[in-house]
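Me: Got a chain open here and I'd like to talk it through. Can you take me around it?

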Amino acid sequence: MNHRLHNIIPVRWRSICEQRFLPSLANRRVWRCSDMSKNRTDMEQFVDASKGSSEVVVADPELVEKKKAAIRLGGPAKLQVIADFDGTLTKYRIDGRRGQSSHGLLQQGNPKYDDKRQELFEYYHPLEINPTIPIDEKAKLMVEWWEKTHALLIEGGLTYDAIKTSVSNSTIAFREGVVELFEFLEERDVPVLIFSAGLADVIEEVLRQKLHRSFKNVKIVSNRMVFDQHGHLVSFKGKTIHVLNKNEHALDMAAPVHDLMGDSNGPIDDNASVRKRTNVLLLGDHIGDLGMSDGLNYETRISVGFLNDNIKSSLDSYREAFDVVYLNDAPMWGVVKLVSQLCSTGSD
Ligand SMILES: [Mg+2]
């Protein structure tokens with residue numbers, strides 16, 4: 001028994017494991033990164049054992065294998081990757097402390113307005129996570145929160161330079177393996193849609209500064225800013241994308257991709273052809289991220305969840321919701337291996 005996993009599995013789920021899941025452990029249905037073999041043919045091959053403590057949980061390996069076979073059959077031309085940004089592509093913790101989010105890192109250069117946005121966070125965030133508020137009522141509250149925040153960014157005189165400085169001063173960081181994941185997918189013309197309720201311009205600046213290159217296959221669907229000739233924010237494009245409408249419908253709401261990012265050659269897929277890519281690899285760190293593929297009539301979807309926090313209390317629901325669950329702020333190497341299998345033309 002993997003003692004580390006044993007320690008973090010809630011008692012109720014552990015009893016289920018011991019009834020029906022434990023035999024699978026011997027068959028490596030649960031992989032432990034620190035046990036990674038040097039053998040690069042194994043799924044674990046990409047995981048750096050020196051990083052230690054990450055694990056992956058696959059509740060139904062047979063189902064995942066079936067989905068992998070179906071996606072492999074369709075080939076890269078039918079595949080798209082839909083990814084959340086904060087806590088999914090980026091690390092949840094940096095040096096043992098909570099990493100910054102694309103929203104959280106933004107400093108307008110006007111402390112009064114930074115404080116006002118923080119006040120909004122303190123009022124609305126508890127409503128966001130309150131399970132007793134009906135979803136339609138909550139959606140209205142989220143629109144309210146987002147629109148007030150956007151208004152403060154305009155009123156407070158946010159500049160594009162402030163975004164650059166904020167990103168430069170931030171602790172936000174990508175998981176190891178994200179560059180390799182994007183490169184692999186770019187080489188095969190597989191689009192990556194980053195869906196975020198945050199700010200597209202901030203995310204693009206994070207990509208620019210932290211990855212030091214752009215990818216023609218990466219498209220950001222998020223709230224996009226309009227700046228005047230002096231670099232001052234004057235408005236937002238399109239309809240507001242908040243946490244509860246972050247789904248494939250957001251493609252219709254999203255403004256065109258910013259020219260400054262890696263889309264100078266144009267996105268490789270317009271929205272219509274993205275919809276024809278009916279096999280989906282979805283990456284998220286909240287169960288709500290599964291909604292990112294709503295509105296897309298996908299044939300096969302493999303969902304990968306990063307369970308970053310509250311592992312004991314959330315593992316049950318994550319393993320039910322996602323096909324594959326990575327624990328403890330795992331690197332992206334397992335996903336790199338997964339896409340290499342999905343795009344493989346061989347028999348592996
Ligand atoms: Mg997230």
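Predicted model: local features only at pLDDT ≥ 70, side-chain atom pairs only at ≥ 80, totals over all residues.

Me: Ok, where is aspartate 189 found?
Reply: Aspartate 189 is in the loop between α7 and β6 (192–199). Its phi is positive, about 55 degrees, although aspartate 189 is not a glycine.

Me: And is aspartate 189 exposed or buried, or partly exposed?
Reply: Partly exposed, with 13 other C-beta atoms within 10 Å of aspartate 189. The cut-offs: buried is 20 or more other C-beta atoms within 10 Å of a residue's own, exposed is 12 or fewer, partly exposed is in between, and C-beta atoms are placed from the backbone.

Me: Which loop is aspartate 95 in?
Reply: The one between β4 (93–94) and β5 (97–98). Aspartate 95 is not a glycine either, yet has a positive phi of about 50 degrees. Aspartate 95 is exposed, with 8 other C-beta atoms within 10 Å.

Me: Zooming out, how many helices and strands in the chain?
Reply: 12 helices and 11 strands. Of the 348 residues, 41% count as buried.

Me: What about contacts in the chain between residues at least 6 apart in sequence?
Reply: 72% of those join residues at least 24 apart. A contact means that two C-beta atoms, placed from the backbone, lie within 7 Å.

Me: Now strand β9: how many of its residues are buried?
Reply: Six of the six, residues 279–284, so β9 is largely enclosed by the rest of the structure. Asn279, Leu281 and Leu283 point one way from β9, while Val280, Leu282 and Gly284 point the other way.

Me: Which strands does β9 pair with?
Reply: Strand β3 (residues 79–84) runs parallel to β9 and is joined to it by five bridges. Strand β10 (residues 300–307) also pairs with β9 in the parallel sense, over six bridges. Pairing here takes at least two DSSP bridges between two strands.

Me: Which residues stand opposite each other?
Reply: Alanine 83 is opposite leucine 283 in β9, and leucine 281 is opposite isoleucine 302 in β10.

Me: Switching to helices. How do α7 and α12 pack?
Reply: α7 (residues 178–187) and α12 (residues 333–342) pack at about 15 degrees, with their axes 9 Å apart. Axes are lines fitted to C-alpha atoms, for helices over the stretch in contact, and angles run from 0 to 180 degrees between N-to-C directions. The two helices are therefore roughly parallel to each other; angles under 35 degrees get that label, over 145 is roughly antiparallel, 65 to 115 roughly perpendicular and the rest oblique.

Me: Who meets whom in α7 and α12?
Reply: Glu180, Leu181, Phe184 and Leu185 in α7 meet Val335, Val336, Val339 and Ser340 in α12. By class, that contact has six nonpolar, one polar and one charged residues. Nonpolar is Ala, Val, Leu, Ile, Met, Phe, Trp, Tyr, Cys and Pro, charged is Asp, Glu, Lys and Arg, and the others, Gly among them, are polar.

Me: And at what angle do α6 and α8 pack?
Reply: About 50 degrees between α6 (residues 160–169) and α8 (residues 200–211), with axes 9 Å apart. That makes α6 oblique to α8.

Conventions:
Residues numbered from 1 in each chain as written. Helix = DSSP H or I, 4+ residues; strand = E, 2+ residues; numbered from the N terminus.
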